[in-house]
Amino acid sequence: MSTEAQELQCSVSVQSASVQGTNKQVFENMRNAISEFLQTQHWTTDVFDSKERIECSLNFNITEQISSNEFKGTLTVQSRRPVYGSGYTTTMLNMQDENIQFRYNEGQALDYNENSYDGDNLLPLIAYYCYIILGYDYDSFSLNGGSEYFKKAEQIVNQAQSSQFAGWKSFDGTKNRYWLINNILDNNHKIFRTQLYNYHRKGLDQMSDDVENGRKAIYNAIDELRKVKKNSTRNAYALSLFFTAKNDEIVNIFSEAPQMECTKVVEFLTEADPGNLSKYQKLTKK
């Protein structure tokens with residue numbers, strides 16, 4: 001089911017195949033409540049027309065019903081953005097939050113207050129990822145354009161520090177909500193946000209007019225992202241999510257590049273994203 005918000009064109013799904021012996025209607029009602037909330041919630045003061053809304057999806061997979069109103073599972077977050085001068089859309093986010101837990105009271109309207117943490121945890125989860133989606137999208141169109149929305153996501157993390165639910169704190173793991181926004185706003189990762197802009201605005205958006213210069217900008221962005229990985233003293237969760245979203249796209253972009261360029265970009269990617277090296281090595285065997 002697709003629902004349109006002021007800024008987001010967001011599809012919502014709630015899967016519950018792992019939950020046995022419960023009233024399945026609660027999950028349909030949950031999906032409807034989240035969808036209705038996203039239809040009416042305003043996240044920015046900007047005006048979007050229907051063609052400008054950001055395509056995204058929130059896919060909840062409920063693996064355990066702890067009580068009548070408390071649920072545990074995972075959340076897959078995806079967002080896309082159109083590429084200038086083409087019918088192509090590029091993936092901005094394709095990630096899974098492996099540890100979500102929240103309370104949902106069936107029949108209760110969802111009403112978000114950005115100035116305080118909702119102890120049920122459902123609305124903070126949704127709001128956090130909506131702001132992350134907005135931040136990535138705005139950053140891709142203007143240099144550091146997403147700062148306002150990333151700071152709102154950070155505010156939610158700060159408000160949730162006393163929460164009983166996992167994922168909001170530094171010691172809850174290395175791949176969670178705390179570390180994602182920490183990476184994005186950390187001074188040591190400034191290069192990362194600059195390259196979000198360079199990769200998309202100077203790279204992808206230029207390729208319909210000038211393939212070689214657009215690809216060169218992407219090549220340079222990957223070289224700079226390699227430095228983020230090299231200089232990271234802690235984890236680089238945001239960087240790993242970037243390559244989760246982009247690895248197949250990068251292979252496609254360089255599939256027609258000169259062999260020397262391919263060899264060099266694979267060297268960069270070996271440092272920046274070793275987990276997907278088997279995909280990138282195809283570029284050296286053309």
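Contacts in the protein between residues at least 6 apart in sequence join residues at least 24 apart in 67% of cases, a contact being heavy atoms within 4.5 Å. The model is predicted: local features need pLDDT of at least 70, side-chain atom pairs count only at pLDDT 80 or more, and totals for chains, interfaces and linings use all residues. Residues are numbered from 1 along each chain as its sequence is written, and side-chain values use heavy atoms, with hydrogens and water left out.

**Secondary structure**
- The protein has 9 helices and 5 strands, taken as DSSP runs numbered from the N terminus (helices H or I, at least four residues; strands E, at least two).
- The order along the sequence is β-β-α-β-β-β-α-α-α-α-α-α-α-α.

**Overall dimensions**
- The C-alpha trace spans about 60 × 40 × 35 Å along its principal axes.

**Burial and core**
- Of the 286 residues, 51% are buried (under 20% relative accessible area, 1.4 Å probe, protein chains only).
- The largest nonpolar core holds 87 residues, of which Phe60, Tyr136 and Phe254 touch the most other members; such a core is a set of buried Ala, Val, Leu, Ile, Met, Phe, Trp, Tyr and Cys residues joined through side-chain atoms within 4.5 Å.
- Helix 2 (residues 122–141) supplies the largest share of this core, 14 residues.
- Leaving out residues up to four places away in sequence, Tyr136 touches Met92, Leu93, Phe150, Leu180, Ile184, Phe192, Leu196 and Ala238.

Key. Buried means under 20% relative accessible area, exposed over 50%, partly exposed in between (1.4 Å probe, protein chains only).
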